[in-house]
Amino acid sequence: MAPVTEHQSSFLSRISRRNQIVSMDVNHEQELEELEDFQKHVAERFSELLPSDSPESFPVLSIQWLRKLLDVFQSIETEFHSVLTTNPSQISKPPLDKLVPEMLDRIVKALDICTAVVNGVDSVRQIQRLAEIAVTALKQTPLSDGSVRRAKRALSSLLAALNADKISGSGGGSGRRSTSEQWSSFSRRSGGSGSGGGCVSKNWSAAKQIQAMTTNLVAPRGGESSPIYIMSSVMVTVMWTLVAAVPCQTSNGLAVHLPLPKNQIWASAAVSISERIGEEMKKKETRCGGLMEEMQRMERIGLKLMEFSEGFRFNGEEDVTAEVAEMEEICRKMGDGLEGLQRRVREVFHRLVKSRSEILEVIDQHH
């Protein structure tokens, strides 16, 4: 075979360089396409959570809505995994690789939050039982003083639990127990630690955990986004929402706003939802958990029934049948929905453990 001349060598190296450039352009184009598809998927799934007239639409922060939120999260997580496996360079190349350690740390924090939420759901079950005692007592006919006293005791405990944050915030030196102590006590009595939820340390704080997860959560420079930044933001949004809705250990001081980029298409619905929840916090004048829609309704009706119980001897003719029926309906919804919510949280926990392993595997393979 004839030797390669200098001219031919130069020509071949130019062709090789050009092929590399074309290959890089194709790869970059593919990455942009995948990123666009991922952003659309996130936007579409979060849009499903916005309030609408559809029969499949549930009130924001209701048990069914929270279950749907966790379904949305798992769907987005699955799509993220697909991006990861088809194009690992989305997380392994600079500068995106710098986002990976922070995301892995957020996943560990999210696992703790899932554990606290599972225990928090057990606390809600205990409140549900108190409401059921009050309902049973007030459904007695004819209504006796003894039945009303029984209802009053249950309602007193129920309202104290629902307002634990206000009680503990009304004066540190009063000797009253803190919010986290009250919720932990409820969780223990309802068998929280034995239900597969595990436990977090005594000094652990849900609010501080969320605060730590939002640290350095900033959009990449140049207005572009990345799958790993989007997935981190989605994870923080979901965990923050769970802590806002379900009474967790030391959720006092929970941030009202999340650092989400309003100008990016994927974040539009997520921003709307977080703003709505932030408004709910301001309206309730609380930065603790327990904004679950059923819990708020339970408190409202509980106050009416408590008023009735306290004035029963003087106003025995007052009819609270409608309120008792509504409280009974809330208890039924909690009975039907809380177990499913807890199961979804556990599924998310296991999905996050798997996701962390998958990310570490991709990094190992491309280094």
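A search of the whole structure, which is a predicted model, gives 2 cavities of 30 Å³ or more. Rolling a probe the size of a water molecule over the atoms shows where empty space is left. A cavity is here a set of points, on a 1 Å grid over the protein atoms alone, where a 1.4 Å probe fits but cannot get out, and lining residues have an atom within 4 Å of a point. Grid points are joined across faces, edges and corners, and a volume is the space filled by probe spheres set on the points. Local features need pLDDT of at least 70 and side-chain atom pairs count only at pLDDT 80 or more, while totals for chains, interfaces and linings use all residues. Residues are numbered from 1 along each chain as its sequence is written, and side-chain values use heavy atoms, with hydrogens and water left out.

The second largest cavity holds about 60 Å³ of space. Its lining consists of Leu99, Glu102, Arg106, Asn216, Leu217, Val218, Ile228, Tyr229 and Ser232. Two or more of these residues come from each of helix 4 (99–138) and helix 9; helices (H or I, at least four residues) are DSSP runs, numbered from the N terminus. By class, the lining has 5 nonpolar, 2 polar and 2 charged residues, where Ala, Val, Leu, Ile, Met, Phe, Trp, Tyr, Cys and Pro count as nonpolar, Asp, Glu, Lys and Arg as charged, and the others, Gly among them, as polar. Asn216, one of the lining residues, lies in the loop between helix 8 (206–214) and helix 9. Residues up to four places away in sequence not being counted, Asn216 touches Glu102 and Arg106, contact meaning heavy atoms within 4.5 Å. The C-alpha atoms of Asn216 and Leu99 are separated by 9.3 Å, although the two residues are 117 residues apart along the chain.

Two packed helices are described by the angle between their axes and the distance between the axes. Axes are lines fitted to C-alpha atoms, for helices over the stretch in contact, and angles run from 0 to 180 degrees between N-to-C directions. Helix 9 (residues 227–245) packs with helix 10 (residues 268–284) at an angle of about 25°, the axes being 11 Å apart. The two helices, helix 9 and helix 10, are therefore roughly parallel, as angles under 35 degrees count as roughly parallel, over 145 as roughly antiparallel, 65 to 115 as roughly perpendicular and the rest as oblique. The crossing of helix 9 and helix 10 is left-handed, that is, the near helix is turned anticlockwise from the far one by less than a right angle.

Helix 11 (residues 293–310) and helix 12 (residues 321–365) have axes that come within 10 Å and cross at roughly 150°. Helix 11 and helix 12 are therefore roughly antiparallel to each other. Their contact involves, among others, Met295, Met298 and Ile301 of helix 11 and Val324, Met327 and Ile330 of helix 12. The residues of this contact divide into 9 nonpolar, 1 polar and 7 charged.

Helix 12 also packs with helix 4, at an angle of about 165° and with the axes 9 Å apart. Helix 4 and helix 12 are therefore roughly antiparallel, and their crossing is left-handed. The contact of helix 4 with helix 12 comprises 29 nonpolar, 5 polar and 7 charged residues.

Most residues other than glycine have a negative phi, and most peptide bonds are trans. Leu61, which is not a glycine, has a positive phi of about 75°; Leu61 lies in the loop between helix 1 (6–47) and helix 2 (63–86). The peptide bond from Thr141 to Pro142 is cis, with omega near -5°. Pro142 is placed in the loop between helix 4 and helix 5 (145–162).

Technical notes:
1 Å grid on protein atoms, 1.4 Å probe; cavity = no way out; pocket = protein on both sides within 12 Å on 5 of 7 lines; lining within 4 Å.
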